[in-house]
Amino acid sequence: QTGFLDSATSGDGAQEDPATQILSDTLTYNDTSKTSRFTGNVIMTRGPLTMTADQLDLKEDDEGFQYGTATVAAGKRVYIRQENPAKFEVLVGLGERAEYDGRHETFDLIDRALLVRFICGRPFDTISGERVRYDQKSDTYRAFGGPGSENPQGRVRSIAQPRSKIDAAIEACSKLQASGASIPEVPRMQ
Amino acid sequence: MKDRLPTIASILILIALVIGTWIAAEYTTRAVELDAPARATHDPDTWARNVTIIRTNETGLAYNRLEGDYMEHFPDDDSYEIQLPRAFNMQPDSPVTVATSNTAAILDQGDRILMKGDAVMIRLGDEQTEPLNITSDEIHLLAEEDVAYTELPAVAVRGMSRLSGTGMHYDNKTRELNVYKSSDLEIAPRMTQEGSESE
C-alpha cells in the first residue's frame, strides 16, 4: 500500500507509525521519481516531533521509506522539537541542515548543530558539534565533531546534568501540574 | 468658350452619374443584410442529446473522448455547454485520466474543457502506482497537453495520503503535481507489519 509518501515501519513489528503532516506554501510532487519539494514556511509534524524549515525535499524508496533533507536560508537554522509530556521533557534541535531517515527514524542536524533537553521548561542536557544525530526510536542522541561545529577546534561539547537533578525537576513539575498551574514553556531558539 | 461648353457639360453629367451610382450602391448594401451578424445574446443555436465527441491526433489516434447527456452550442463565443460530462484522456505513454462534473464548457476552440461543479479527475493507477484523485469545484482539462489544473481550493488523494491546497496543476505526461498555495499534505501511517501482511 503506498501513498504520496508513505511512512513505513522499520519492519520489526513496531506498532502503528504516526501520521506525518507537512504544511508549506507550495509543493511539487513527481509521481514517477516519487520526490517532493516543499517550499516556504515548511512545518512537518510526525507524532510528537515537529520540524520547521524553509525547504524540504523528500524522496521515497521502493519500500515506501522516506528520506528528507531540510534546509533554511542563510543565517537561520532548521528547528526540530520533540515532546515527551510524560516526563515534562522537550528536546529542541537546531542545525543549518537536517536529514531525516525514515527507515531508521533518525534525524541528523548538520553544521552548527545543537540539541538541548528541556525539563519543565528549563535546559538540562546540551550537546553540540558539527553533526548531532537523534534516534527517535531509542530516544538517544550522538554528536560528531568537524569543521562545521561552533565549538573551538570543531570539537563536540556536551553538558549533562546529574540524574538526581533531572528527577527533582520532574518531581517539581508534576507537583506544579497537580496544582493546576501551567507548565513553563520552552524558550524559542533560533 | 462656347464650343467648350458641351464638353464641360458632359463631364459634369458623367461625374454626377458616378456619384449617384455610388450612393445607390451604398444604400442598397446597407439596406439588405447580406450576412446576418452573429447573435449577440448567449443563446444556443444547436443542441443534442447523449453526445460523444472524440478528438484524434494527426495519426488518427483518438486521445480524448467527451461524453455528455445534453449539449448546447452558443454561437456568440463558439462554446459548448454539456450536462453530466465524462471526459476521458488517453494519450499514448500516459495513464488514462477520467474526469466528471455537473457541467462542462468546451472553450478555446475545443482545446480547453472546463469541468464545473463537483469536478473530479482520476488518473488511473497501475501495478506500481496508486490512482490519483483530484477534486475541486472547477477543473480545467487541456486534452492535448494532457494537463489538469485549477485555481480554486482542491484536494488530491493518493493511496492513504491526502493533499490539499489552493491552486493545483497536474501534468500527466511528466506525472508532476504542483500545489501553488497553502499546501497541506497528510501522510497516513502504515499499519503494523502484521497488519500490512494480512491485507
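Tutor: Let us go through some labels and set each value against its definition.

Student: Before that, what kind of model is this, and how are its parts numbered?

Tutor: This is a predicted model, in which local features need pLDDT of at least 70 and side-chain atom pairs count only at pLDDT 80 or more, while totals for chains, interfaces and linings use all residues. Residues are numbered from 1 along each chain as its sequence is written, chains are lettered from A and ligands numbered from 1 in the order in which they are written, and side-chain values use heavy atoms, with hydrogens and water left out.

Student: What makes up chain A, in helices and strands?

Tutor: Chain A has one helix and 12 strands. Helices (H or I, at least four residues) and strands (E, at least two) are DSSP runs, numbered from the N terminus. Along the sequence the pattern is β-β-β-β-β-β-β-β-β-β-β-β-α.

Student: Why is chain A called as compact as a globular protein of its length?

Tutor: Its radius of gyration is 18 Å, close to the 16 Å that the globule rule gives for 190 residues, so chain A is as compact as a globular protein of that length. The radius is taken over C-alpha atoms, and the rule is 2.2 Å times the number of residues to the power 0.38. The C-alpha trace of chain A spans about 55 × 40 × 35 Å along its principal axes.

Student: What share of chain A counts as buried?

Tutor: Of its 190 residues, 46% count as buried. Buried means under 20% relative accessible area, exposed means over 50%, and partly exposed lies in between (1.4 Å probe, protein chains only).

Student: How do you know that R103(A) and D61(A) form a salt bridge?

Tutor: A salt bridge is a side-chain nitrogen of Lys or Arg within 4 Å of a carboxyl oxygen of Asp or Glu. For R103(A) and D61(A) the N to O distance is 3.5 Å, so the pair qualifies. R103(A) lies in the loop between strand 8 (97–101) and strand 9 (106–119) of chain A, and D61(A) in the loop between strand 4 (49–60) and strand 5 (66–71) of chain A, so the pair ties together parts that are 42 residues apart in sequence.

Student: What separates R163(A) from D167(A) in helix 1 of chain A?

Tutor: The two are four residues apart in helix 1 (residues 163–178) of chain A, which means about one helical turn separates them. R163(A) is called exposed because its relative accessible area is 51%, and D167(A) is called partly exposed because its value is 36%.

Student: What makes strand 1 and strand 2 of chain B a pair?

Tutor: Two strands pair if DSSP finds at least two bridges between them. Strand 1 (residues 46–56) and strand 2 of chain B have 10 bridges, in the antiparallel sense, so they meet that cut-off. One example is T52(B), whose bridge partner in strand 2 is E67(B). These strands form a hairpin with five residues between them, and G60(B) in the turn has a positive phi of about 90°.

Student: Which strand of chain B pairs with strand 2 over four bridges?

Tutor: Strand 4 of chain B does, in the antiparallel sense. There, the bridge partner of E67(B) is R86(B). R86(B) also meets D69(B) in a salt bridge (3.4 Å, N to O). D69(B) lies in strand 2 (residues 62–74) and R86(B) in strand 4 (residues 86–89) of chain B, so the pair ties together parts that are 17 residues apart in sequence.

Student: And how many bridges join strand 2 to strand 3 of chain B?

Tutor: Five bridges join strand 2 to strand 3 (residues 79–83) of chain B, and the two run antiparallel. They form a hairpin with four residues between them, and D78(B) in the turn has a positive phi of about 55°.

Student: Why is I23(B) called partly exposed?

Tutor: I23(B) has a relative accessible area of 47%, so it is partly exposed. This residue is found in helix 1 (residues 5–31) of chain B.
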